[in-house]
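User: I have a structure to go through with you. Could you take my questions one at a time?
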Amino acid sequence: MLQMVSSEMDTAIEARSIATSPLSSKVSPLSQIQKDKLLVIQWEHLNLYKFYPMALCSSWTIRCMLYPMSVVKSRLQLQRQNNVYNGMRDAFVKIIRHEGIGALYKGFWMTLPQLSASFLYSSAYERVRDLLQTHLHITNHSIVSALAGGIASPCAQLIFVPTDIVAQHMMVHNNPEAFGGGKKNIPVADAIRKDGLEGKRTLGLRVIRAVYKVDGISGFYRGFLSAIMLYIPSTMVFWSTYYNSLAVFRMIREKVTELEYGVKPTSPAEVDDRNLFLDQAVSGSIGGVASAMVTNPLEMLRIRLQVHRTTYRETIVRLWKYEKSQVFTKGLAPRMVNNALYSSLVMLAYESVKRFSVLPEFKNKIVW
């Protein structure tokens, strides 16, 4: 889910221009303050030449901050039972103590092309949303976004899967026997050891060469079906949870407005929407945690297929034999923390970037 969150947030763009109406016989000052405000900013309100560089910069910064959590999550899920680490904290301590802080960023540069996948995902997502709303007349935001996210997800996997495979092999390079599923499952690691290129080429290039040598082009798309099986339900759970959470916050805001001004709001214009992006940030975190919890077994299947290089049947048998019920919880803690922080920070950064990038004629209409 974490890989999609940034691009998913990028596409959560719906505008509604707020028009005011009186609060019964009593007109609230808040109603006048919010006249013609934009609660959510859409593409036509943005200076895209300013928006894209700022959005990419913010996404890269957040990815840089939270990437160590992805390394820990991957190692926890790839180890057999608890033969290397006993949990998230133990993994952080041992990695830093024995390998140094740099080990927490192994594979980072190889995942940067995933930023471009955000735009691929966004294009497909917006087109599907438009189709569902315009031609199929589906108006429920939660349903529309869940369906659009699920349909658009396979497009992004064309970039995510090969970069993930390379990054994952880099993450476990120092101890492939412990994380690779056994000696017979580490031909890529063996190819790297025997390539004679240590010190001559970067580890990333050596991994790419080794994957190609062992499996050819198809090696970069190992587990592609499992990735689709993971990210379609992941995005659907995220979006449905996200919009339902926003609906709850909307109800709370309506109640607070009623208590503060003594009159029940009769339209969206009369609801106090100050700091609206905080609702979006918290809703994003809730959605990220929910998707992580629901799809953790599928994440385990995906990463072991790609790194252990086993068949679907063999992978499922081995998961049940060695992990049993832990398949639902292994690596879940760092994955939940990662998803929650990533979703929240991306939403905060993204909404701020949009507000800084609005065209001059809309600057006095945005709501902070």
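Analyst: I shall begin with Gln 114, a buried residue with a relative accessible area of 2%. Please note that this is a predicted model.

User: Where is Gln 114 found?
Analyst: Gln 114 belongs to helix α5, which covers residues 114–134.

User: With which side chain does the side chain of Gln 114 make a polar contact?
Analyst: The partner is Arg 63, and the distance between the two side chains in this polar contact is 3.1 Å.

User: Which residues does Thr 111 touch?
Analyst: Leaving aside residues up to four places away in sequence, Thr 111 touches Arg 63, Tyr 67, Thr 163 and Ala 167.

User: Is Thr 111 buried or exposed?
Analyst: Thr 111 is buried, because its relative accessibility is 3% and the cut-off for buried is under 20%. Its place is in the loop between α4 (88–99) and α5.

User: What lies 2.7 Å from a polar atom of the Thr 111 side chain?
Analyst: That is the backbone oxygen of Phe 108.

User: Let us turn to aromatics. How many aromatic pairs does a search of the whole structure find?
Analyst: The search finds 14 aromatic pairs. One of them joins Tyr 105 and Phe 108 in an edge-to-face arrangement, at 6.0 Å centre to centre and with 80° between the planes.

User: Which residues form one aromatic cluster?
Analyst: Trp 60, Tyr 67, Tyr 105, Phe 108 and Trp 109 form one aromatic cluster.

User: What about the rings of Trp 239 and Tyr 242?
Analyst: Their centres are 5.6 Å apart and their planes stand at 85°, so the pair is edge-to-face. Both residues lie in helix α10 (residues 224–261), three residues apart, which is about one turn of the helix.

User: Which residues does Tyr 242 touch?
Analyst: Beyond residues up to four places away in sequence, Tyr 242 touches Gln 280, Ser 283, Gly 284 and Met 347. Tyr 242 and Gln 280 are 38 residues apart along the chain, and their C-alpha atoms are separated by 8.1 Å.

User: Which feature does UniProt place at residues 220–243?
Analyst: An unreviewed UniProt entry places the feature "transmembrane region" there. In the model, that span is 83% helix and 0% strand, and its end C-alpha atoms lie 35 Å apart.

User: New topic: backbone angles. What is the phi of Gln 81?
Analyst: Gln 81 has a positive phi of about 50°, although it is not a glycine. Gln 81 is found in the loop between α3 (48–78) and α4, and it is partly exposed, with a relative accessible area of 41%.

User: And what is the phi of His 137?
Analyst: The phi of His 137 is near 60°, again a positive value in a residue other than glycine. His 137 is located in the loop between α5 and α6 (141–171).

User: Is His 137 buried or exposed?
Analyst: His 137 counts as exposed, because its relative accessibility is 61% and the threshold for exposed is over 50%.

User: Now the overall picture. How many helices and strands are there?
Analyst: The secondary structure of the protein comes to 13 helices and zero strands. Of its 368 residues, 54% are buried.

User: What share of contacts comes from residues 24 or more positions apart?
Analyst: Such residues account for 78% of the contacts with a separation of 6 or more.

User: Finally, what is the average pLDDT?
Analyst: The protein averages a pLDDT of 82, and 86% of the residues score at least 70.

User: Where does pLDDT stay under 50?
Analyst: It stays under 50 over residues 5–28. For that stretch the model has 82 contacts beyond four places in sequence.

Technical notes: Residues are numbered from 1 along each chain as its sequence is written. Side-chain values use heavy atoms; hydrogens and water are left out. UniProt positions are given in the numbering used here, feature names are shortened, and annotations may be inferred rather than shown by experiment. Helices (H or I, at least four residues) and strands (E, at least two) are DSSP runs, numbered from the N terminus. Buried means under 20% relative accessible area, exposed over 50%, partly exposed in between (1.4 Å probe, protein chains only). A polar contact is a pair of N or O atoms within 3.5 Å; within protein, one must be able to donate a hydrogen and the other to accept it, and residues adjacent in sequence count only if both atoms are side-chain atoms. pLDDT is the predictor's confidence in each residue, from 0 to 100. Contact means heavy atoms within 4.5 Å. Rings of Phe, Tyr and Trp (its six-membered ring) pair if their centres lie within 6.5 Å; planes under 30 degrees apart count as stacked, over 60 as edge-to-face and the rest as tilted.
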